[in-house]
Amino acid sequence: KDGKLRVAAVNEPRFEKNGLLIEGASTNHILRHDSTTAEVGCSKTGAAEDPLGVADGAEVFTVSATQPLGVYVRLGEPDSSVPTGVKTSSCYVMSLGKAAKFSINAEQAAITQFAVPADTWVRITTTRTATAVNFSNFFDVILDEAAPGDRFAVWGGQLEDLPFMSSLILTAG
């Protein structure tokens, strides 16, 4: 109710600006919400407080080389056991020191770019309908127009079987 993000215990009522938050059931297919992998053009260089202030914190990445298609990190692990259907990917991103543009690359989803102000956590999302027999339970977060030395943080990966994002479900393996 006060506008601050908080972690709610299982079965504890949750509130948003307009009152009681009522959400249906969902499952986070990302095995570790706090785990990211540096894939192209960047490396892990530290940690930052995550937007919910939970003990695991967020990983900070520094751009090491300019890439024509952007610098990216991966959330989740390749695993084709997740069934087809509508899927929504989401996570929190923060650009350190300057505003930036991020996007999510997920199988069979249109890439949408998100403008993120400096030093502010923003939750970004994309929804897609997976038509292949199976699809992977990971997605990539791209820092567009990155320059060497740029720093950013990514945290709270979630992949769920809904046509919209729900509250983050913390997972630990």
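By class, the residues lining the largest cavity are four nonpolar, one polar and three charged. Here Ala, Val, Leu, Ile, Met, Phe, Trp, Tyr, Cys and Pro count as nonpolar, Asp, Glu, Lys and Arg as charged, and the others, Gly among them, as polar.

Some background on the model. This is a predicted model, in which local features need pLDDT of at least 70 and side-chain atom pairs count only at pLDDT 80 or more, while totals for chains, interfaces and linings use all residues. Residues are numbered from 1 along each chain as its sequence is written, and side-chain values use heavy atoms, with hydrogens and water left out.

Back to the cavities. A cavity is a set of points, on a 1 Å grid over the protein atoms alone, where a 1.4 Å probe fits but cannot get out; lining residues have an atom within 4 Å of a point. Grid points are joined across faces, edges and corners, and a volume is the space filled by probe spheres set on the points. The whole structure has two cavities of 30 Å³ or more. The largest holds about 40 Å³ of space. Its lining is Ser-95, Leu-96, Lys-98, Ala-100, Leu-143, Asp-150, Arg-151 and Phe-152. Two or more of the lining residues come from each of β6 and β10; strands are DSSP runs (E, at least two residues), numbered from the N terminus.

The second largest cavity has a volume of about 30 Å³. His-29, Ile-30, Leu-31, Gly-76, Glu-77 and Asn-137 line it.

How many aromatic pairs does the structure hold? There are three; rings of Phe, Tyr and Trp (its six-membered ring) pair if their centres lie within 6.5 Å, and planes under 30 degrees apart count as stacked, over 60 as edge-to-face and the rest as tilted. Phe-61 and Phe-152 make a stacked pair, 5.6 Å centre to centre with 25 degrees between the planes. Because Phe-61 sits in strand β5 and Phe-152 in strand β10, this pair ties together parts 91 residues apart in sequence. Both residues are buried, meaning under 20% relative accessible area with a 1.4 Å probe, protein chains only.

Last, the core. A nonpolar core is a set of buried Ala, Val, Leu, Ile, Met, Phe, Trp, Tyr and Cys residues joined through side-chain atoms within 4.5 Å. In the largest one, of 23 residues, those touching the most other members include Phe-102, Phe-139 and Phe-152. Strand β6 gives the largest share of this core, five residues.

Notes:
Buried means under 20% relative accessible area, exposed over 50%, partly exposed in between (1.4 Å probe, protein chains only). Helices (H or I, at least four residues) and strands (E, at least two) are DSSP runs, numbered from the N terminus. On a 1 Å grid over the protein atoms alone, a cavity is a set of points where a 1.4 Å probe fits but cannot get out, and a pocket is an open set with protein on both sides within 12 Å along at least five of seven lines; lining residues have an atom within 4 Å of a point.
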